[in-house]
Amino acid sequence: MAETADSKKDEADYKRLHSFPLIRHTDMSEEMRVETMELCVTACEKFATNNESAAKMIKESMDKKFGSSWHVVIGEGFGFEITHEVKNLLYMFFGGSLAVCVWKCS
Amino acid sequence: MPVPQKHAAVKTTQEFNTRAQSKAPVAKGVKVIGRKKDDDDRIDTGEEEWMQGKTLVKPPDQLDLTEAELKEELTRILTANNPHAPQNIVRYNFKESCYKPISSVDQMAVHFVLEGNLVHKDSHEARRQVAKQGVTEDMIVEDVVAEEEKPDTPVTGQLEGGEDMAEGEDGGGEERPDSVDIRAGKKEQKLTNQFNFSERASQTLNNPPRERSCQTRPPPRAHFSSTANQWEIYDFYVEELQRQEKNKEKQKAQPSKKEEDKIKKKMITVETQSDDITKITKVSKIIEHMVNQNTFDDVAQDFRYFEDASDEFREQEGTLLPLWKFQYDRAKRLSVTSLCWNKKHKDFFAVGLGSYDFTKQGHGMLLFNSLKNPTYPEFIFTTLSSVMCVDIHENLSYLVAVGFYDGCVAVYNLKEHSDQPAYMSTAKTGKHTDPVWQVKWQKDDLDSNHNFFSVSSDGRVVSWTLVKNELVFTDIINLSLDSTACGTAFDFHKQIDYLFLVGTLDGKIHKCSKSYSSQFLETYDAHNMAVDAVRWNHHHPDVFISCSTDWKVKIWDHTITTPMFTFDLNAAVGDVVWGPYSSTVFAAVTNDGKIHVFDLSINKFEALCQQAVVAKKTKLSHIEFNPVHPILIVGDDRGYVTSLKLSPNLRKKPKEKKGQELPKGPEVEIDKMEKLLSLLRESGSNQA
């Protein structure tokens, strides 16, 4: 029992500590990066249970803000190899378990 | 009314006719012919008209009425009613299914109808005709137009056939062609038959088409691939958290880094600015010196030649004459923390600037001034931390050791035109943990490496050796042997190489040896507060002087643990120095802005000169004698350095007796001091 309690506590700690957005890789400009990151956080929080909706929201917002042909992948586990336009890629983690990859390629 | 007139006219013609027939029968035939002709076409020449008058045609059955009958008035009323119209027309009314008389009867009677062949030119009919004819034959259009214009011309017979008119008009057209043309021009535009046209088309040569295309370079792309899964995400988060923790630890160090960057940037800009004039640096410096010499000519004259004449009338007292004042705008808010003359170039001195106030620590500055150029420093170094002490190497005057508030020591090389120190101690290489209060160059060691000593509040006295590119440190002594002690000042014996004194924050002075790091040779219970300076006498090997914030200046024989002399200056004493020219002269500066100059050989109890040399509330912090010239420099807490000349009384040599050559040299000075000391020793032993 004690062990499970500990593990639960650990898990809670982990969730709490790892809730912040963390950029894994990006080549965006500072301004764009901040904006995109905020957008991703908003979307992931809004659609916490539905990655598809979150991705859709991010994609559509990015299309509006930065011109069309954005692609978004959100998931807990995936591999990818993409071609993107330079200065238009953001790969970040969020909430300790989500990976979000946003890129532009038209 | 017209009827009677007509009658009258008829009457006159009748009379005329009868008269003409009776009176001129010869001319009758001619005239009849003329009249006939007249009657035919009614063309009258003016002459014939007034001659003949008009004759009216009379119907043959006209009644001849008498005058009375003619004058009789017959009254007839004309009404619009037709007397022949039937009054009783009855028609069958289907509505009421019976015959009914019609009340309204047509009263109009038509007697004669003649359809005219004149058409108004603006009417549709006319237009149609014109259009029809105008297209088929242009001439006719013109004619028709002309014909329609004609009615107001006096030509008669126009109502006859159109062909006749056309002919007649041809003639008229020839007579005055322009009038017709003008009229035609004035006419509104011709109507064209829009259904009667012929199409004509032609095609110019088409330019041969040529194809041209270009393509912009597509926006640059890059490939990126990665794998996202739970363990990678977790690992990265953990890594990031660790990094953050590290950053937190580093944060204390970071601001200084930023500052460093800023300073670097500044220096870079300064460098780039000075790049283009490097070639003329030397020349411009000489010119600057010349200009300054001219500007401060009077001061320079005073420096060299002025001797205060009033001294002759005073017995002992002397004065200080302010000469140049050195200041630098960017150093205004800093206080002078150290002064050091260059032993080789006697006009050259270093000024360390910083702050003693723990709460107001900022950047420091190291300036090098020359008496030749009081307006601007020769060298300027900006430092991250307050400069607390400076020492210029005795022989290699380009090497300058500096101690900082943050515990670092550094060596600047003036030959290298760099803004950064040539050597700098770091936390790894044994830097002090508290402000470094004094640094002092030593003789080169056995390997002929340059080395210097430093003393700091952390209680360590450290020897620093310049080896290649680094500073190697050796702890010489730790003052906290018995209790925690903070070193604030030290001085090395002039002759005995290993011997040195260390003043501490709690007022004690320790006599130490370089070779014994575990014990003090002697400890003097000198002051009640921090020792600000301790200095060996330049001439006498046993004597040293110390001063403290407790207002006291004390002179010691290092063999005796009690002070030989004690002077109370009524203010915290910032610094005290021995005069280089006499063993008995020393000068001290106090917090109340005064300089006190003593000559023990003249007055053992009072200062020869007590002079306030700066504005009120300004504290004097440091003082130095020039090694050769009779001048002093004092630094204050506003970043100013003032140079002062000692008046003759302050550097009086013992009066030469007539015929007696006074011996000169160090022995004399030693003797002088010794004489004083012996007196005291005797009195001391007597008292004891």
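User: Why is B:N570 called exposed?

Analyst: The model is predicted, and local features need pLDDT of at least 70, side-chain atom pairs count only at pLDDT 80 or more, and totals for chains, interfaces and linings use all residues. B:N570 has 55% relative accessibility. Buried means under 20% relative accessible area, exposed over 50%, and partly exposed in between, with a 1.4 Å probe and protein chains only. B:N570 therefore counts as exposed. Residues are numbered from 1 along each chain as its sequence is written, chains are lettered from A and ligands numbered from 1 in the order in which they are written, and side-chain values use heavy atoms, with hydrogens and water left out.

User: Where is B:N570 found?

Analyst: B:N570 is in the loop between strand 24 (563-568) and strand 25 (573-578) of chain B. Strands (E, at least two residues) and helices (H or I, at least four residues) are DSSP runs, numbered from the N terminus. From C-alpha to C-alpha, B:N570 and B:D592 are 8.8 Å apart in space, and they are 22 residues apart in sequence.

User: Why does B:I287 count as partly exposed?

Analyst: B:I287 has 43% relative accessibility, and therefore counts as partly exposed. B:I287 lies in helix 11 (residues 281-295) of chain B.

User: What makes the nonpolar surface patch that includes B:I287?

Analyst: The patch is made by B:I280, B:V283, B:I286, B:I287, B:M290 and B:V291, and has an area of about 530 Å². Patches are made of residues with over 30% relative accessible area and no salt bridge; like charges are joined within 9 Å, and nonpolar side chains (Val, Leu, Ile, Met, Phe, Trp, Tyr) within 5 Å. A salt bridge is a side-chain nitrogen of Lys or Arg within 4 Å of a carboxyl oxygen of Asp or Glu. Accessible areas come from the Shrake-Rupley method with a 1.4 Å probe, and for residues only the protein chains shown count as cover.

User: How do you know that strand 14 and strand 15 of chain B pair?

Analyst: Two strands pair if DSSP finds at least two bridges between them. Strand 14 (residues 451-456) and strand 15 (residues 460-467) of chain B are joined by five bridges, and run antiparallel. B:V455 stands opposite B:V461 in strand 15.

User: What makes strand 13 and strand 16 of chain B edge strands?

Analyst: The open sheet has four strands in the order 13-14-15-16 in chain B, with antiparallel pairing. Strand 13 (436-442) and strand 16 (470-478) each have a single partner strand, so one side of each is left without a neighbour in the sheet.

User: Why is strand 19 of chain B called largely enclosed?

Analyst: Five of the six residues of strand 19 (residues 508-513) are buried, so the rest of the structure largely encloses this strand. Strand 19 is joined to strand 18 (residues 499-504) of chain B by five bridges, in antiparallel fashion. Strand 19 also pairs with strand 20 (residues 522-525) of chain B over four bridges, in the antiparallel sense. B:H510 stands opposite B:V502 and opposite B:T523 in strand 20.
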